[in-house]
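Here is a briefing on a protein model.

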Amino acid sequence: MFHRKLKDFPPDFLWGAASAAYQVEGAWNVDGKGPSVWDSFTRIPGKTFQGSNGDVAVDHYHRFAEDVALMARMGLKAYRFSVSWPRIYPQGRGEVSEAGLAFYERLIDELIAHGIEPVLTLYHWDLPQALQDEYGGWESREIIADFERYCVTLFQRFGGKVRYWVSLNEQNFNFTNAFQLGTHPPGVEDRKRFFAANHVAFLANATVIAAFRQHVPTGRIGPSFAYSPAYPASSAPADILAFENADEFTNYWWLDVYCFGRYPQAALHYLQQTGEAPHIEPGDLEIFQRGFPDFVGVNYYYTTTFTENPLDGVGMKRINTTGQKGTTPSSDVPGLYRTTANPNLETSNWDWAIDPMGLRIALRRISSRYALPMMITENGLGEFDTLHADDTIHDAYRIAYLKGHLEACQQAISDGVQLLGYCAWSFTDILSWLNGYQKRYGFVYVDRDETNEKDLRRIPKGSFYWYRDVIASNGNKL
């Protein structure tokens with residue numbers, strides 16, 4: 001739809017940026033922190049780009065005051081960060097680390113002192129290694145009580161200071177890599193275990209949201225979902241059916257459980273026929289119903305286009321982690337769907353479709369289906385950046401990307417979507433999990449690479465100053 005006049009961004013719109021503990025903090029074994037599964041996984045040869053890891057990352061643990069000062073200079077209204085579970089409970093359970101809690105309290109207090117709203121993510125993939133070793137992590141229902149205990153500790157400590165909370169971050173993307181592609185810990189390739197682990201995580205998510213209502217009654221909480229809206233490759237009925245299959249299996253499988261408390265019918269029936277459906281115990285669906293979110297966090301980067309795939313089609317493939325454009329293979333699920341290139345869209349060097357209108361479509365689909373407000377908890381462009389001799393970084397490509405996506409946000413608001421805020425990914429450059437430090441997302445350049453920490457200097461990019469002006473104008477200067 002076209003609007004004669006677009007609505008303004010709300011006056012209390014949360015203009016923000018985001019990060020994750022393992023990707024920025026470093027200090028992997030400082031002040032009693034226990035090892036996470038990523039501390040262990042990155043030490044396995046060949047798992048990450050050039051063996052990169054988060055031992056030091058960008059040293060946010062020791063430089064958070066400098067980073068928050070830069071956020072204030074930019075005018076940020078919100079900063080989304082995650083808490084490292086093994087920094088709070090080094091063994092995942094048992095004795096709590098006061099040093100870990102004190103670090104996050106200092107960070108939160110620093111943000112509030114600069115007028116920046118803290119948005120706290122409870123889980124961004126850094127599971128305590130001790131729980132993975134003890135009972136298999138997310139493959140055991142034992143984790144539900146341990147996760148609740150950890151989260152309640154944070155609710156009790158920070159509930160009076162933090163209003164916005166994210167429960168699980170990108171469960172769909174993380175678990176797809178962890179249990180189907182084998183590229184995240186624990187490195188499994190088994191669809192049955194994938195769906196079983198997701199079921200446990202759904203129970204944990206709902207349990208924690210129910211606990212949140214008791215401990216932080218004035219706060220708001222919801223999961224962050226890596227939403228890649230599905231498109232059909234053509235108007236051919238077979239492609240439309242493939243698109244419908246993909247939407248159920250790659251989007252609604254998670255969103256329907258989060259927001260409706262039930263699995264999508266066709267997908268569940270299919271998995272029951274193949275023997276891959278999760279075991280649903282008596283009372284599980286009632287637990288789902290007790291933990292509906294206050295909002296949906298949307299992590300949006302790209303759309304995905306699907307075509308039909310026969311039963312003898314090829315299975316899923318690993319993604320491009322090198323930045324060599326055109327190296328991403330088609331990802332197939334035999335009998336359901338196959339990804340295909342969209343000729344209408346440009347792509348990044350990592351083969352991610354650049355589709356601002358897809359964000360508008362994403363927001364409208366979620367709003368219409370679930371009638372919940374949303375927060376963009378991640379959106380950004382990972383690319384190669386060049387630091388010039390005069391300490392400048394000219395990232396006009398990132399500005400163009402963000403501008404297009406913020407325009408899509410304003411169009412969605414004009415369509416009637418309730419959007420709470422926009423947290424760009426990311427504030428500083430970060431470790432990009434499997435892609436090392438070469439894939440840069442930040443408004444602030446951090447001077448390091450995969451093999452050399454250098455001086456870790458913070459250098460604002462061109463996009464830093466552009467976003468500063470956008471925030472100052474409340475989106476009127478896009």
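Predicted model: local features only at pLDDT ≥ 70, side-chain atom pairs only at ≥ 80, totals over all residues.

Residues are numbered from 1 along each chain as its sequence is written, and side-chain values use heavy atoms, with hydrogens and water left out.

**Barrel**
- Eight strands close into a barrel, ordered E1-E2-E3-E4-E5-E7-E13-E14, with parallel pairing. From one strand to the next, the twist averages 25°.
- Helices (H or I, at least four residues) and strands (E, at least two) are DSSP runs, numbered from the N terminus. Two strands pair if DSSP finds at least two bridges between them.
- Strand E7 (residues 296-299) pairs with strand E13 (residues 374-378) in the parallel sense, over four bridges. Glycine 297 stands opposite methionine 375 in E13.
- Helix H5 (residues 98-113) packs on the sheet and touches strand E2 (78-82) and strand E3 (117-123). Its direction makes about 170° with that of E2.
- Helix H7 (residues 142-158) lies across E3, strand E4 (164-169) and strand E5 (220-226). H7 runs at about 165° to E3.
- Contact means heavy atoms within 4.5 Å. Axes are lines fitted to C-alpha atoms, for helices over the stretch in contact; angles run from 0 to 180 degrees between N-to-C directions.

**Open sheet**
- Four strands form an open sheet in the order E6-E8-E10-E9, with mixed pairing. Strand E6 (230-232) and strand E9 (332-333) are the edges, each pairing on one side only.
- E6 and strand E8 (residues 304-307) pair in the parallel sense over three bridges. Proline 232 stands opposite phenylalanine 306 in E8.
- Helix H10 (residues 237-260) packs on this sheet, touching E6, E8 and strand E10 (337-340).

**Cavities**
- The structure holds eight cavities of 30 Å³ or more. A cavity is a set of points, on a 1 Å grid over the protein atoms alone, where a 1.4 Å probe fits but cannot get out; lining residues have an atom within 4 Å of a point. Grid points are joined across faces, edges and corners, and a volume is the space filled by probe spheres set on the points.
- The largest cavity holds about 100 Å³ of space. Of its 13 lining residues, Tyr123, Leu127, Trp138, Pro185 and Pro186 are closest to its centre.
- Helix H8 (171-181) and helix H2 (37-41) each supply at least two residues of that lining. H8 gives the largest share, four residues.

How values were computed:
1 Å grid on protein atoms, 1.4 Å probe; cavity = no way out; pocket = protein on both sides within 12 Å on 5 of 7 lines; lining within 4 Å.
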